[in-house]
Amino acid sequence: MESQRLIYRAYTKEDDEFYASMWGQPDIVRYIGKGLTKTKKEAVRSLENWILPGYKNGMGLFVIILKETGEPIGHAGLVPQVVEGRKETEIGYWLKKPFWGKGFASEAAGFFMSYGKAELHQSRLISLIHPKNAASIAVAKKLGMVYEKTVFFNGSRTRVYATGQPQTIWKAITCD
């Protein structure tokens with residue numbers, strides 16, 4: 001799969017160094033999960049137990065390769081999530097720090113938004129974003145996603161940005 005400047009391919013076990021290098025950078029993981037880095041051993045376990053088995057029905061996180069250099073610069077894709085008991089499909093993405101602010105996150109997220117709608121027939125996609133992650137909020141808005149609410153997700157306050165019809169069962173009260 002590819003977009004204008006990027007190629008997307010499935011992770012393999014041989015990507016363990018790259019995957020671990022991203023997990024080892026505090027700036028990259030600051031707004032991911034609990035915001036904590038992982039050791040190489042922990043990252044390899046995550047790759048083997050979460051990323052590699054996650055390729056089902058067109059879903060999963062894919063290595064982002066910069067066409068110009070062939071260098072892996074991050075990952076993006078569609079991930080099944082359960083938010084407040086509801087099954088959702090999240091557009092997720094991470095980039096290595098030297099590639100921030102160059103439009104790559106918007107390009108990758110936009111590609112997977114189109115892919116999810118056209119190829120996987122998803123009428124609704126979400127992004128789960130830490131409230132202080134201004135860059136990811138800007139990407140979501142650029143793609144036309146709208147803020148729906150703040151939830152507690154994996155133990156942290158997380159904003160839900162979405163395309164498609166809002167969930168009608170969301171309570172009117174948010175955590176903001």
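**Exercise 1. The largest pocket**

Which strand gives the most to the lining of the largest pocket? Describe this pocket and its lining.

*Solution.* This is a predicted model, in which local features need pLDDT of at least 70, side-chain atom pairs count only at pLDDT 80 or more, and totals for chains, interfaces and linings use all residues. Residues are numbered from 1 along each chain as its sequence is written, and side-chain values use heavy atoms, with hydrogens and water left out.

Step 1. Rolling a probe the size of a water molecule over the atoms shows where empty space is left. On a 1 Å grid over the protein atoms alone, a pocket is an open set of points where a 1.4 Å probe fits, with protein on both sides within 12 Å along at least five of seven lines; lining residues have an atom within 4 Å of a point.

Step 2. The volume of the largest pocket is about 1,200 Å³. A volume is the space filled by probe spheres set on the grid points, which are joined across faces, edges and corners.

Step 3. The lining of the largest pocket consists of 47 residues, and Y31, I32, G33, Y93 and W94 lie nearest its centre.

Step 4. Strand β4 (residues 86-95) gives the most to this lining, with six residues. Strands (E, at least two residues) and helices (H or I, at least four) are DSSP runs, numbered from the N terminus.

Step 5. Sorted by class, the lining of the largest pocket has 23 nonpolar, 17 polar and seven charged residues. Here Ala, Val, Leu, Ile, Met, Phe, Trp, Tyr, Cys and Pro count as nonpolar, Asp, Glu, Lys and Arg as charged, and the others, Gly among them, as polar.

**Exercise 2. The second largest pocket**

What volume does the second largest pocket have, and which residues are the closest to its centre?

*Solution.* Step 1. The second largest pocket has a volume of about 250 Å³. It is lined by 13 residues, of which W50, P53, G54, V79 and P80 are the closest to its centre.

Step 1. At least two lining residues of the second largest pocket come from each of α3 (40-51), β2 (60-66) and β3 (72-83).

Step 2. By class, the lining of the second largest pocket has eight nonpolar, four polar and one charged residues.

**Exercise 3. The surroundings of E107**

Is E107 buried or exposed, and which residues does E107 touch?

*Solution.* Step 1. E107 has its place in helix α4 (residues 104-118).

Step 1. The relative accessible area of E107 is 14%, so E107 is buried. With a 1.4 Å probe and protein chains only, buried means under 20% relative accessible area, exposed over 50%, and partly exposed in between.

Step 2. Leaving out residues up to four places away in sequence, E107 touches S3, Q4, R5, L6 and Y8. Contact means heavy atoms within 4.5 Å.

Step 3. The side chain of E107 reaches the backbone nitrogen of Q4 at 3.2 Å.

**Exercise 4. Salt bridges**

How many salt bridges does a search of the whole structure find?

*Solution.* Step 1. Side chains of opposite charge can pair when their charged atoms come close. A salt bridge is a side-chain nitrogen of Lys or Arg within 4 Å of a carboxyl oxygen of Asp or Glu. The search of the whole structure finds nine salt bridges.

Step 1. In the salt bridge of R5 with E107, the closest N and O atoms are 2.7 Å apart. R5 is in the segment before β1 (6-10) and E107 in helix α4, so this pair links distant parts of the chain, 102 residues apart. R5 is partly exposed, at 29% relative accessible area.

Step 2. E71 and K96 meet in a salt bridge (3.5 Å, N to O). E71 lies in the loop between β2 and β3 and K96 in the loop between β4 and α4, so the pair ties together parts 25 residues apart in sequence. E71 is partly exposed at 30%, and K96 is partly exposed at 21%.

Step 3. E84 and K149 form a salt bridge whose closest N and O atoms are 3.0 Å apart. E84 is in the loop between β3 and β4 and K149 in strand β6 (residues 146-153), 65 residues apart. E84 counts as partly exposed at 45%, whereas K149 is buried at 3%.

Step 4. A network of salt bridges links E88, R124 and E148.

Terms used. Polar contact = N/O pair within 3.5 Å; in protein donor to acceptor, adjacent residues only side chain to side chain.
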